[in-house]
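Thanks for coming. I have one structure to go through, and I will keep to what can be read from the coordinates.

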Amino acid sequence: MIKSFVESFKNLFEKPVTVNYPSEEIKRPAKYRGLIVYDVDECIFCDKCEKVCPPKAIVFHQNMDGTKKYHYNEYLCIFCGECVRSCPKIDLALTHSEIKPNIGTMDNEIFTQWRQLYKDAKQSRIDYKLSKKKPKKED
Amino acid sequence: MKQVIEIENLKSSIKEFYKPEVWHYVTLNASDIDGVCKLQWIFTKYEQKDESIIFEADVEFDSTIDSIADIIPSAIMSEMEVVDLFGLKIKDINSGLYLDETSMKTPLKVNNNG
Amino acid sequence: MAKKTINIPLGSQHISLLEPIRFNFTTENEKIVDVDWDVGFVHRGIERACTTDFEYKQVGYVVARVCGLCAITHSLAYTMGIEQLLQLEIPKKIQYLRLLMLELDRIHSHMLCLSHVSENAGFEGMFMKIMADRELVMDIQEAISGNRVQFDYVSIGGVNRDLELETEKLLKTNLSELEKKIDDLMDKFTNNWSLSLKYKNIGVLTKENAYIMNALGPMARAAGAKIDVRLETNNFPYEEVGYEPIIETSGDIHARNLVRLKEIKNSIKMVRNIVDGLPQGEIEVKAKGKPNGETFVRLEAPRGEIFYYLRANGKNILQRVRIKTPTFSQIPVMVDIFKGANYADAHAILASFDPCMSCTAK
């Protein structure tokens, strides 16, 4: 009984454990897993990151003149880092940063129209392959 | 170690083999391979390294089999799961553990139409 | 003339439950006579998704999201099964790093259960205090793997990150602080008079019933039965790092609390031995080929025994993935313990079982 009195008295003068967020910042350790950052100059368009991603958050759109465009959905991503590990250009084309993702609002195209974007990208691959086959048949 | 049994001798083979202080019942496993349902009853030994016995049997999907819940009380959970997800029929076991009227019927059967 | 009975539900939404489960008690003058149960409110169909939508390299990330508290145990059991099918040899350093995360996971899961048990006995100040002390362990896990809850630390052929010097220093400081607090907690749980009224001789499981009804984990060890998967498999070097089985004899709620506290102390000792004796080497081994055949793996999660069965036939997509979790096979034991107890003690008994419903209804 006396023990609990002494302990409650000591607890009056101890520092509280809570952090007053957002006026104080929370201390994070190094190498926190955040967004994936893409560099278009180093990429060789091998498609390995697209095949490996578990929730299918990376997709490349094939244009008719032979170039490809990179699309990334930060709201489906689980930040596992498999795409960074499977890229042949280690730490150059794709890097794992410490930036937090943004809030998804209705004026963000990726957030509202991702399904249509994914379907168009897959369809553009099939159309490109068919257009390459036709001139050979005519020859 | 594997042992193949006939489905009619299920209750007698398990009753003469099982002792509660020596053997541990792990689970009942069912898989759908090429249209045939393969059932496996898995037991391991207490306090021995890596000793196990698996009883195997092949059944058709629309047959009725016995339940071993009167010999091993905790087997009722895995039998309810097999009835719900594969559509097998077991005596005195009802479906309704995971699925209700509005969900897909027998989801783990490979060629189901429901 | 038959006595009148009343039905009282402990419904699927309740203020003392962490996850949804429904019990319907038939009571006669405050004593529980019969129990009717229902689980499966959070069924998500993971076994079907693993065999139709995802390839075998991606299933490890899907399976880790079955449960939030034992996430590393699920993904570790699946990865070990695939490595047996691919016939890969794992070097010692990778085994030690995986064992380190497994034991740290056991510490924080047992602390969550202890805080929940003391909240259901009416002692809410202790609930807040144990949760604040649990943050010491969550900081270590965030420094090692990058995340507090979902680690994503294990992949096929090795682990994703190495252990660095600063992380080691943080680990040693936090663990010595945590050990003092656990000693203080053991003193409170044993000697406090009002807690002993709620815990001693309530919710008893006898040793005979533990063998007949197939009890697992701390519930069986508190009743005197020596049931532990770590004694029955050769997957990890447990004898080298100092593992001891912990058995109590009385089988009530007080014995289960003591088993969990002593297991936390044993895990702290094991983690210190691992960090001091970590060998040198690589953290990844290249895997070749595709999985073929069938196998099964058993591991000791904080709540009992986890069992995985895998079957593959040489393609990218697996044929069958079967998951059996400890709370799933212990529902008949729970129903048996409720019969004969007072209704007022039902909440404390349910919290001491440590049920994980997301694991049960996968």
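I start with a cut-off: a residue is called buried if 20 or more other C-beta atoms lie within 10 Å of its own, exposed if 12 or fewer, and partly exposed in between. Keep in mind that this is a predicted model.

Take Asn147(C) as the case to apply that to. Is Asn147(C) buried or exposed, or something in between? Asn147(C) has 17 C-beta neighbours inside 10 Å, so it counts as partly exposed. In chain C, Asn147(C) sits in the loop that runs between α5 (124-145) and β4 (154-155). What does Asn147(C) touch, once residues up to four places away in sequence are set aside? The answer is Glu142(C), Asp152(C) and, from another chain, Arg33(A). As for Cys67(C), 80 residues away along the chain, its C-alpha atom and that of Asn147(C) are 15 Å apart.

On the chain A side, 9 residues are in contact with 11 residues of chain C. Sorted by class, that side of chain A has 6 nonpolar residues, 1 polar and 2 charged.

Next, the interior. In soluble globular proteins, nonpolar side chains tend to be buried together. Here the largest nonpolar core has 125 residues. Those with the most contacts inside this core are Val59(C), Ala77(C), Leu100(C), Ala215(C), Ala220(C) and Tyr308(C). Which element gives the largest share of the core? That is helix α4 of chain C, residues 92-120, with 12 residues.

Last, chain B. How many helices and strands does chain B have? There are 2 helices and 6 strands, and along the sequence they come in the pattern β-α-β-β-β-β-α-β. Of the 114 residues in chain B, 27% are buried. If we take contacts in chain B between residues at least 6 apart in sequence, 41% of them join residues at least 24 apart.

That is the end of my part.

Terms used
Residues numbered from 1 in each chain as written. Chains lettered and ligands numbered in written order. Predicted model: local features only at pLDDT ≥ 70, side-chain atom pairs only at ≥ 80, totals over all residues. Contact = placed C-beta atoms within 7 Å. Nonpolar A, V, L, I, M, F, W, Y, C, P; charged D, E, K, R; others polar. Core = buried A, V, L, I, M, F, W, Y, C linked by C-beta atoms within 7 Å. Helix = DSSP H or I, 4+ residues; strand = E, 2+ residues; numbered from the N terminus.
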